Amino acid sequence: IGESGAIRFLVTMLKTGSDLGKQNAASALANLACKNTNNQNRIGNSGAIPSLVALLNTGSYLLKQKAA
């Protein structure tokens with residue numbers, strides 16, 4: 001999944017999606033990163049980190065929980 005370009009799509013959802021889309025994207029990224037160094041690097045290089053931090057600063061409680 002990480003190699004297919006899905007990470008870029010998920011990062012776009014973090015930036016422009018609805019609250020539910022952002023929540024689902026954050027959860028999916030967390031699942032992809034779990035115990036997978038290659039996906040962790042892909043996620044870090046994709047620009048996801050600033051978007052996740054933004055959710056921690058401005059998102060609802062549930063979004064903050066998923067972004068963490």
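A crossing of two helices is left-handed if the near helix is turned anticlockwise from the far one by less than a right angle, and right-handed if clockwise. The views below come from a predicted model, in which local features need pLDDT of at least 70, side-chain atom pairs count only at pLDDT 80 or more, and totals for chains, interfaces and linings use all residues. Residues are numbered from 1 along each chain as its sequence is written, and side-chain values use heavy atoms, with hydrogens and water left out.

**View 1. Helices H1 and H4 cross in a left-handed sense.** Helices are DSSP runs (H or I, at least four residues), numbered from the N terminus. The axes of H1 and H4 come within 9 Å and cross at roughly 30°. H1 is therefore roughly parallel to H4; angles under 35 degrees count as roughly parallel, over 145 as roughly antiparallel, 65 to 115 as roughly perpendicular and the rest as oblique. Axes are lines fitted to C-alpha atoms, for helices over the stretch in contact, and angles run from 0 to 180 degrees between N-to-C directions. Val11, Leu14 and Lys15 of H1 make the contact with Ala48, Ser51, Leu52 and Leu55 of H4 (contact means heavy atoms within 4.5 Å).

**View 2. Helix H1 spans residues 6-16 and has buried residues Ile7, Leu10, Val11 and Leu14.** These buried residues fall within an arc of 100° seen down the axis of H1, so they line one face of the helix. The arc is that of the directions from the helix axis to the C-beta atoms. Buried means under 20% relative accessible area, exposed over 50%, and partly exposed in between (1.4 Å probe, protein chains only). Arg8, Phe9 and Thr16 are exposed on the other side of H1. The cover over the buried residues of H1 includes helices H2 (19-33), H3 (37-45) and H4 (48-58).

**View 3. Ala48, Ser51, Leu52 and Leu55 are the buried residues shown in H4.** They cover an arc of only 100° around the axis, which puts them on the same side of H4. Pro50, Asn57 and Thr58 are exposed on the face turned away from that buried side. H1, H2, H3 and helix H5 (61-67) are among the elements covering the buried residues of H4. Ser51 counts as buried because its relative accessibility is 10%. Leaving out residues up to four places away in sequence, Ser51 touches Leu14 and Lys15.

**View 4. Gln23 lies in helix H2.** Its relative accessibility is 18%, so Gln23 counts as buried. Apart from residues up to four places away in sequence, Gln23 touches Leu62, Leu63 and Lys66.

Note on methods: Helices (H or I, at least four residues) and strands (E, at least two) are DSSP runs, numbered from the N terminus.
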